[in-house]
Every structure is written in structure tokens, then in C-alpha cells.
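Please look over the sequence and the structure below before reading on. The notes that follow take up a few places in the chain, grouped by topic.

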Amino acid sequence: TDEYFDHVYNKLIAAADEIVNAPDNNIQYVFEGYRMYNQGDKLDDYMTKLGFAYQMTGDRKYVDRAWKEFEILFTFPDINPAHIIDTGMIQIGISVGYDWMYDAWTDEQRRQIEEFEMTKGLGVMSGDFNYQAFVSAKWVSNYNAFVNGGNIVASLAFMDVDPEFCSETLSKAIRSTEYTLKGFVPDGAWCEGPNYWGLTTRFLT
């Protein structure tokens, strides 16, 4: 066995178990000023760890815990398109949870996740590419990485739900992301400083 892999594996499983064992530590429709950034980050973190643990172990306790977050998410009136990077982040959490535990969801659970994402996520975000919504598709900004990171992951995860719409959104999101890369010219540093370099590269990858 690989000692380093075992260490990482055990650490991630322990982190997923910690989420399972804290059933009341959920995402909330709460704001810090006008932001829901921390809620989006929590959902992304939860779904990644729970999805990984389910894939590795097949234990449904991770699926059941993830579903609890989805049920809370479904009560949200929106995923804060007023601060659209939050929408992008939350889309990543939704998409990872949907895809990494896809075979564990019932048909009805999949339908609920799909309806929420297509209505509150991609259905809202796609307007940006026609300059109908909140930010320009040509922004050289960390915003672009957050927004299009969410759009790309969601378009891929939900492609079977609406292939034509998701294909068009995916194509435009990839094209839009190219503008973000201008911010790394000429030497790889980021135009908004080192902290945003880290955030931007995270959501580009």
C-alpha cells in the first residue's frame, strides 16, 4: 500500500464522518452583508467529502447526510445571484453531490436536484453570456473564474437533463474563461494580488 495515499484517504474519510456526526451543522440562507460566500464554500466542501467517501466505501450514510443538505437547499428562494460568485460556488456543490452520488439517488431525488439546478442555477447564470444579467462574460476578474467554474461543472453534470442548453452554456463558459487568463499575463502573477491568485486558480481548476 501507499503510505501517503492511506494518510490522505483516512483523513478524508474522517472529515466525511465528522460531517455525518454533525447533522445540525447545515447550510443556511443567511448573508454576510450581501454575500453567501461561506454557505457556498460549505456546500462545496460537504458534497466533495461526502461524495468521495461514498465512492470509496459505498456506505449510504454519506448519501443520507448529503440529502439533508439538499433538502435544506431546496427551501432557498434563490442562490444569491445578486452576488453571482456565490451562485457559481453553490452550483459546484450541487453538481458534485448530484454526480458523485448519482447511482444512490432515487428517481425522485434526482428530479428534485435537477429541477432546482436548472431553475436556480444554470437557468439564471446563462443570461450573463448575453449581457442580460449581472456580470460581463468578458471580465478579466476572479468573478469570471467563480461564475464559469460553476457553469462548466454544472453543464457537464446536468448534460443529460437538457443536452442542447447545457452544451451551449458549456461552450460559452469555456470561451468566457479565456478572458480570465489575461489576468495572468505576462509572468503568471494575478492582477488582483496573491490572495485572489489562489482563489482564481482554484476555480479555474
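Where is N80 found? This residue is found in the loop between α3 (60-73) and α4. The model is predicted, and the values here are computed from it.

**Backbone geometry**

- N80 is not a glycine, yet it has a positive phi of about 55°.
- N80 counts as buried because its relative accessibility is 4%, and buried means under 20%.
- V185 and P186 are joined by a cis peptide bond, with omega at about 5°.
- P186 lies in the loop between α7 (163-180) and α8 (194-204).
- For background, most residues other than glycine have a negative phi, and most peptide bonds are trans.

**Helices α2 and α4**

- Helix α2 covers residues 37-57, and it packs with α4 at an angle of about 15°.
- The axes of α2 and α4 are 8 Å apart.
- The two helices α2 and α4 are therefore roughly parallel to each other, since angles under 35 degrees count as roughly parallel.
- The crossing of α2 and α4 is left-handed.
- On the α2 side, the contact is made by Y37, G40, D41, L43, D44, M47, T48, G51, F52, Y54 and Q55.
- On the α4 side, the residues in the contact include I85, D86, M89, I90 and W100.
- Sorted by type, the residues of the contact of α2 with α4 are twelve nonpolar, six polar and three charged.

**S95 in helix α4**

- Helix α4 spans residues 84-100, and S95 is found in it.
- Is S95 buried or exposed? S95 counts as buried because its relative accessibility is 1%.
- A polar atom of the S95 side chain lies 2.7 Å from the backbone oxygen of Q91.
- Leaving aside residues up to four places away in sequence, S95 touches V153, A154, A157 and F158.

- D2 lies in the segment before α1, a helix of residues 3-20.
- The side chain of D2 reaches the backbone nitrogen of F5 at 2.9 Å.
- D2 and Y179 are 177 residues apart along the chain, and their C-alpha atoms are separated by 40 Å.

Note on methods: Residues are numbered from 1 along each chain as its sequence is written. This is a predicted model: local features need pLDDT of at least 70, side-chain atom pairs count only at pLDDT 80 or more; totals for chains, interfaces and linings use all residues. Side-chain values use heavy atoms; hydrogens and water are left out. Helices (H or I, at least four residues) and strands (E, at least two) are DSSP runs, numbered from the N terminus. Buried means under 20% relative accessible area, exposed over 50%, partly exposed in between (1.4 Å probe, protein chains only). A polar contact is a pair of N or O atoms within 3.5 Å; within protein, one must be able to donate a hydrogen and the other to accept it, and residues adjacent in sequence count only if both atoms are side-chain atoms. Contact means heavy atoms within 4.5 Å. Axes are lines fitted to C-alpha atoms, for helices over the stretch in contact, and angles run from 0 to 180 degrees between N-to-C directions. Angles under 35 degrees count as roughly parallel, over 145 as roughly antiparallel, 65 to 115 as roughly perpendicular and the rest as oblique. A crossing is left-handed if the near helix is turned anticlockwise from the far one by less than a right angle, and right-handed if clockwise. Ala, Val, Leu, Ile, Met, Phe, Trp, Tyr, Cys and Pro count as nonpolar, Asp, Glu, Lys and Arg as charged, and the others, Gly among them, as polar.
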